[in-house]
Amino acid sequence: MKDATLYDIRIKELAMLNEIGRAISSTIIIDDLIELIYEQTTRIMEVSAFYIALYLEDSDELMIIFDVLNGKRQPEEEGTRKLGNGRTEYIIRHKKPLLIKSNPQKVYQKLGIVSGDKKAKACAGVPMIFSGKAIGALVVQSYKVNEAYDQHHIDLLSTIASQAAIAIENAHLFKTI
């Protein structure tokens, strides 16, 4: 029975990646694509908070382009903010995933990450890499479950982030044509 459940999970994951891949090849509307990425991600893992932030290298700033908390899209932040010592900046600076299975505050303190979020029980974040540069980060958090994420989730999120990075760069190129 366990193998059947694992098989069903893998089928859902492949369907999600396929759906995202099709969307990337058929749209240049970033909001629609990111909404789809969010919806598909919630189908395969626990997501209390989800956001995508872009790194603006020229000004060394971050811009949150999509933010959902407990299933509700948050109002878009006005403008950008300078890079600080937050979780997102850590992911972007190191160009590697951040997996925190439990007690994020303790891990943040150890890594020198500043975060005002005291509700998270688990966190998984991955950089969005394009042409060797970190152009942003995709982060999910669970407020419900310790150990909500593992390396397999990081691998899935990395694949999603890679596809999102390509779509974002394609949309930027299309705007300049």
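Pairing first: I call two strands paired if DSSP finds at least two bridges between them. Helices (H or I, at least four residues) and strands (E, at least two) are DSSP runs, numbered from the N terminus.

Ground rules next. I'm working on a predicted model, where local features need pLDDT of at least 70, side-chain atom pairs count only at pLDDT 80 or more, and totals for chains, interfaces and linings use all residues. Residues are numbered from 1 along each chain as its sequence is written, and side-chain values use heavy atoms, with hydrogens and water left out.

I found it antiparallel to strand 1 (residues 49-56) over eight bridges, with Leu 54 opposite Met 63. Four residues sit between these two strands in the hairpin, and Asp 60 has a positive phi near 55 degrees there.

I then followed strand 2 to strand 3 (residues 72-73), antiparallel with two bridges; Leu 69 is bridged to Lys 72. That hairpin has two residues between the strands, and Asn 70 takes a positive phi near 50 degrees. Strand 4 (residues 81-82) also runs antiparallel to strand 2, joined by two bridges, and Lys 82 partners Glu 61.

On to helix 2. I listed its buried residues (under 20% relative accessible area, 1.4 Å probe, protein chains only; exposed is over 50%, partly exposed in between): among them are Ile 30, Leu 33, Tyr 38 and Ile 44.

Last, I looked up His 153 in helix 5 (residues 151-176). His 153 counts as buried because its relative accessibility is 14%. Beyond its neighbours within four places in sequence, His 153 contacts (heavy atoms within 4.5 Å) Ile 44, Met 45 and Ala 148.
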